[in-house]
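Q: Please take a close look at one part of this model, the sheet and the helices lying across it. How is that part put together?

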Amino acid sequence: MTEKIRVFIVDDHAILRTGLKQILNESDDVCVIGEADCGSKALQSLSQLTSDVVLLDISLPDRNGLEVLKLIKRDQPKTAVLMLSMHREDQYAIRSLKAGASGYLSKQSADSELLNAVRVVACGKKYVSPEVAQALANQIGEPEDKPRHETLSDREFETLRLIASGLTVGDIAEKLCLSVKTVSMYRARLLEKMQLRHNAELTHYAIRNNLID
């Protein structure tokens, strides 16, 4: 009998975790071996479990999912990580793949694509949707035309999106569990890199480039 694919789920919404478990456990070749509602609990549990695939949400309450991804790949390089997010694929998919993810799946597509995506990444392959494949193709051979926001670090990019969504530096510091000084530093760096002067220009850029939902 073929061994089942062992999946660990990381998402802060209990209802979503329940739905994902239901989809996965109804399959004969997949089983859910654990779950966590934040990055720190996930890392602690994964250090004691052997998982084939981790379903990892990007927006976690204690730390950014991309940071958790990098830590999982550092400690368990053979574990496939499938990023699961409510954000549009062109916002975080390429960043996730570059950081070591095996694939990226939007939550809106989870019902129809989840099982296939899990099976693909469990085999050591990459799972990308047609939208992500097109975004990757658009980047080939066009280094000079790369959008300015793609030069930002993951933290700088996240700060950009949050500022453009209307949050203050204090709000962002609280949300990301960082100091106001640190968030201000990220803001200063991203403004310099993108050659923008203030939050209004930053917000206009984010809207024009569809960086906020």
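A: Contact here means heavy atoms within 4.5 Å. Axes are lines fitted to C-alpha atoms, for helices over the stretch in contact, and angles run from 0 to 180 degrees between N-to-C directions. Helices (H or I, at least four residues) and strands (E, at least two) are DSSP runs, numbered from the N terminus. The model is predicted, so local features need pLDDT of at least 70 and side-chain atom pairs count only at pLDDT 80 or more, while totals for chains, interfaces and linings use all residues. Residues are numbered from 1 along each chain as its sequence is written, and side-chain values use heavy atoms, with hydrogens and water left out.

The sheet is open and has five strands in the order S2-S1-S3-S4-S5, with parallel pairing; two strands pair if DSSP finds at least two bridges between them. S2 and S5 (103-106) are the edge strands, each pairing on one side only. On average, neighbouring strands of this sheet are turned by 25° against each other, direction ignored.

Strand S1 (residues 5-10) has S2 (residues 30-36) as a parallel partner, with six bridges between them. Within this pairing, Val-7 stands opposite Val-32 of S2, and Phe-8 stands opposite Gly-34 of S2. S1 also runs parallel to S3 (residues 53-57), to which four bridges join it. There, Val-54 of S3 is the bridge partner of Phe-8. S1 is largely enclosed by the rest of the structure, because five of its six residues are buried (under 20% relative accessible area, with exposed over 50% and partly exposed in between; 1.4 Å probe, protein chains only).

Between S1 and S2 comes the helix of a β-α-β unit: S1, H1 (residues 14-25) and S2 form this unit with right-handed sense. A crossover is right-handed if, with the strands pointing away from the viewer, the path from the first strand over the helix to the second runs clockwise.

H1 lies across S1, S2, S3 and S4 (80-85), and its direction is at about 160° to S2. H5 (residues 110-122) lies across S1, S2, S3, S4 and S5, and runs at about 170° to S5.
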